[in-house]
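Hi,

Here's the structure you asked about, with some notes on what I found. Have a look at it first, then read on.

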Amino acid sequence: MSCIKTHTGVMFDPLRPDEALIDIADIAHALAMLCRANGHFKSFYSVGQHCINCAREAAARGLSTRVQLACLLHDASEAYLSDVTRPVKQELPGYLEIEKPLQETVWNKYLGKPLTPEEYEQVFDIDDTLLFHEFAALMDTRLGEKEPELRSMPDFGFSGFAETSREFLSVFRALK
C-alpha cells in the first residue's frame, strides 16, 4: 500500500491521486510545515508562505483570480510528496512523473479545468520571481544577473505554522 496518512486523517495514495480525497486543510497544514530551500535559509520560511506570496504577487500584477488561486496552489503536490530542491528535482524523472498528475489533480479539483499555456507561464514566472527575491532576502544570494520585477511587498519573515496555515486557508477562501 502506497498511502500516507494526512493531517485530517485521510489515507491518501500520492501515486494514484483521488480528487475526492484531496483536502485544502491538509494542503495548508503541510505546506506551512515544509521549509523552503531544504532548510538552508537564514530563518524558517515555509512553502506555504511562498505560495501565499505568489498569490499576492499575481494579484499585484492584476492577473485573474484563477491565476491567483493557481499560484496559491502551485506547490500543493508537495503537501503529499514533500519539497525537493530544483537542482535535484530536475534529475529525478520518476519524481516528476509522480508530481505532475498529482499537481494536475489538485488544480482540476480547485480550478475546474487545466491551466492554459498562458496561465501556466504566468504562474511559473511568478514562482521564479519569488524564488529570486527569497534567495536575495534569506540567503544574500542572487540567482541570476537580472533582478525580476516584484510588484507586491512579500513578507519573508518568520510566520508560525498555525498562522501560515490559517492565512493560506483565508487566501484560498477569498479566491475560491
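For what follows, a salt bridge is a side-chain nitrogen of Lys or Arg within 4 Å of a carboxyl oxygen of Asp or Glu. Keep in mind that this is a predicted model.

By that cut-off, arginine 66 and glutamate 119 make a salt bridge, with their closest N and O atoms 2.8 Å apart. This pair ties together distant parts of the chain: arginine 66 belongs to helix H3 (residues 65-73) and glutamate 119 to helix H7, 53 residues apart. Are the two partners buried or exposed? Arginine 66 is buried, at 18% relative accessible area, and glutamate 119 counts as buried too, at 11%. Both fall on that side because buried means under 20%.

Across the whole structure, the search turned up 14 salt bridges. Here are some others to click on.

Lysine 42 and aspartate 140 meet through their side chains, 3.2 Å from N to O. They also connect distant parts of the chain, 98 residues apart: lysine 42 sits in the loop between helix H1 (24-33) and helix H2 (47-60), and aspartate 140 in the loop between helix H7 (117-139) and helix H8 (161-175). Here lysine 42 counts as exposed, with 55% relative accessibility, and aspartate 140 is exposed at 62%.

Arginine 16 and aspartate 13 form a salt bridge as well, with 3.2 Å between the closest N and O atoms.

Now for H8. Its 15 residues should span 21 Å at 1.5 Å a residue, and the end C-alpha atoms are 21 Å apart, so the two agree. Which residues of H8 are buried? They are Thr164, Ser165, Phe168, Leu169, Val171, Phe172 and Leu175. These residues cover an arc of only 160° around the axis, so they lie on the same side of H8. As background, an α-helix has 3.6 residues a turn, so residues three or four places apart point the same way.

What do the buried residues of H8 pack against? Their partners are H1, H2, H3 and helix H6 (93-111). On the face of H8 turned away from the buried side you'll find the exposed residues Arg166, Arg173 and Ala174.

Cheers

Key. Residues numbered from 1 in each chain as written. Predicted model: local features only at pLDDT ≥ 70, side-chain atom pairs only at ≥ 80, totals over all residues. Heavy atoms only, no water. Helix = DSSP H or I, 4+ residues; strand = E, 2+ residues; numbered from the N terminus. Buried < 20%, exposed > 50% of the residue type's maximum accessible area, 1.4 Å probe, protein only. Expected span 1.5 Å × (residues − 1). Arc of directions from axis to C-beta. Contact = heavy atoms within 4.5 Å.
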